[in-house]
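Please open the structure in a viewer and keep the selection panel at hand.

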Amino acid sequence: MAPNKLFCGTGVALVTPFRKQQETVDFTKLEHLIENIIASGVDYIVALGTTSEAATMTDAERSAVLEFIIETVAGRLPIMLGLGGNNTLYLTDSIARTNFDGINGLLSVTPYYNKPNQRGLISHYRILSEASPVPVFIYNVPGRTGVNITAETTLTLARECPNIMGIKEASGNLTQVMEILRNRPAGFRVISGDDALTYPMLTLGADGVISVMANALPAQMSAMVKAAMKGDLKKALPLHNKMLPLMHAIFEEGNPTGVKALLEIEGLVNNVLRLPLVKSSKQLYNKLTTLYNEFQS
């Protein structure tokens, strides 16, 4: 992929299928899921992000899953690795211990729980960008981390850190997104981190999405994103509107609770999560089944 197109379009925040017995990783279903996603025309894969439940895996499991994803993708798509934390020195040590062969980018969430101020965030990402052998993407999701990286801070990092390539913006604040888009340096990616806000963000000039929905509807999500990025809003808007009820529903009980239920409805993975996450309620499962059947009709 040409550098000017790298990490544009639809990225899939890949789930991790588990077996019903012992909740071990189901590599057979993971392979089928990856092959289905690739065949559906997406642009890249995000490994070990929030949606993967990496936080509840052992170090050995995370290494095995990452290695399996790289081997299965086999260079057919770029891979972005999720690797974040709230201890900067530990994170840089983790980067040093990671084999980046087959990995094209690093997605790193803003430090959570200890709630650094904006100066702390700048220092954190500056050190991270210098330690990483691949381009870094900031992941701003204040609903999970308790801290928002402001537009001013994002733009400072974009201008001052050559190895910071972009941001996955999941603040839900379109005013903030517009400020970044209006003032970003050339080549700095702004990626939607919210499926339901992807269409409006694309119309404002964003570069794509890292999507949860694309696990279950990869072809449809990819088609919507491609159309919107080409300016064909007459094609993109109906696709967005058709997916929107499912986009909202899969997040009603958290992520990846909803999307794993939907993937089981499609026959792709088991509806199995690891504690403290639990599978969807019967009410949500039934709702997703109805919405999916309506979507298919």
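**The nonpolar cores**

The largest nonpolar core holds 84 residues, and Ile-45, Ile-69 and Leu-106 touch the most other members. Please bear in mind throughout that this is a predicted model.

Select Leu-106 and display its surroundings. Beyond its neighbours within four places in sequence, Leu-106 is in contact with Met-80, Leu-81, Leu-83, Ile-95, Phe-100, Leu-128, Ser-132, Val-134, Pro-135, Val-136 and Phe-137. Another core, of 15 residues, lies apart from the largest one; Leu-6, Ala-13, Ala-170 and Ile-210 are among its members.

**Helices H4 and H6**

Next, select residues 118-131, which form helix H4, together with residues 151-160, which form helix H6. The axes of these two helices are 10 Å apart and meet at an angle of about 30 degrees. H4 and H6 therefore count as roughly parallel to each other, since the cut-off for that description is an angle under 35 degrees. H4 passes H6 in a right-handed crossing.

Show the side chains at this contact. H4 contributes Gln-118, Ile-122, Tyr-125 and Arg-126, while H6 contributes Thr-153, Thr-156, Leu-157 and Glu-160.

Remain on helix H4 and select Leu-121. Is Leu-121 buried or exposed? Its relative accessibility is 0%, so Leu-121 counts as buried. Setting aside residues within four places in sequence, Leu-121 is in contact with Thr-110, Pro-111, Pro-116, Val-147, Asn-148 and Ile-149.

**Helix H11 and the loop beyond**

Now move to residues 257-265, helix H11. Of the 9 residues of H11, 7 are buried, so this helix is largely enclosed by the rest of the structure. The buried residues are Thr-257, Gly-258, Val-259, Lys-260, Ala-261, Leu-262 and Leu-263. They pack against helix H1 (27-39), helix H10 (233-249) and H12. After H11 comes Gly-267, with a positive phi near 80 degrees.

Finally, select Ser-280, in the loop between helix H11 and helix H12 (282-296). Ser-280 counts as buried because its relative accessibility is 9%, and the cut-off for buried is under 20%. Which residues does Ser-280 touch, not counting those up to four places away in sequence? They are Glu-253, Thr-257, Ala-261, Asn-271 and Tyr-285. Among these, Thr-257 and Ala-261 also belong to the buried residues of H11.

Conventions. Residues are numbered from 1 along each chain as its sequence is written. This is a predicted model: local features need pLDDT of at least 70, side-chain atom pairs count only at pLDDT 80 or more; totals for chains, interfaces and linings use all residues. Side-chain values use heavy atoms; hydrogens and water are left out. Helices (H or I, at least four residues) and strands (E, at least two) are DSSP runs, numbered from the N terminus. Buried means under 20% relative accessible area, exposed over 50%, partly exposed in between (1.4 Å probe, protein chains only). Contact means heavy atoms within 4.5 Å. Axes are lines fitted to C-alpha atoms, for helices over the stretch in contact, and angles run from 0 to 180 degrees between N-to-C directions. Angles under 35 degrees count as roughly parallel, over 145 as roughly antiparallel, 65 to 115 as roughly perpendicular and the rest as oblique. A crossing is left-handed if the near helix is turned anticlockwise from the far one by less than a right angle, and right-handed if clockwise. A nonpolar core is a set of buried Ala, Val, Leu, Ile, Met, Phe, Trp, Tyr and Cys residues joined through side-chain atoms within 4.5 Å.
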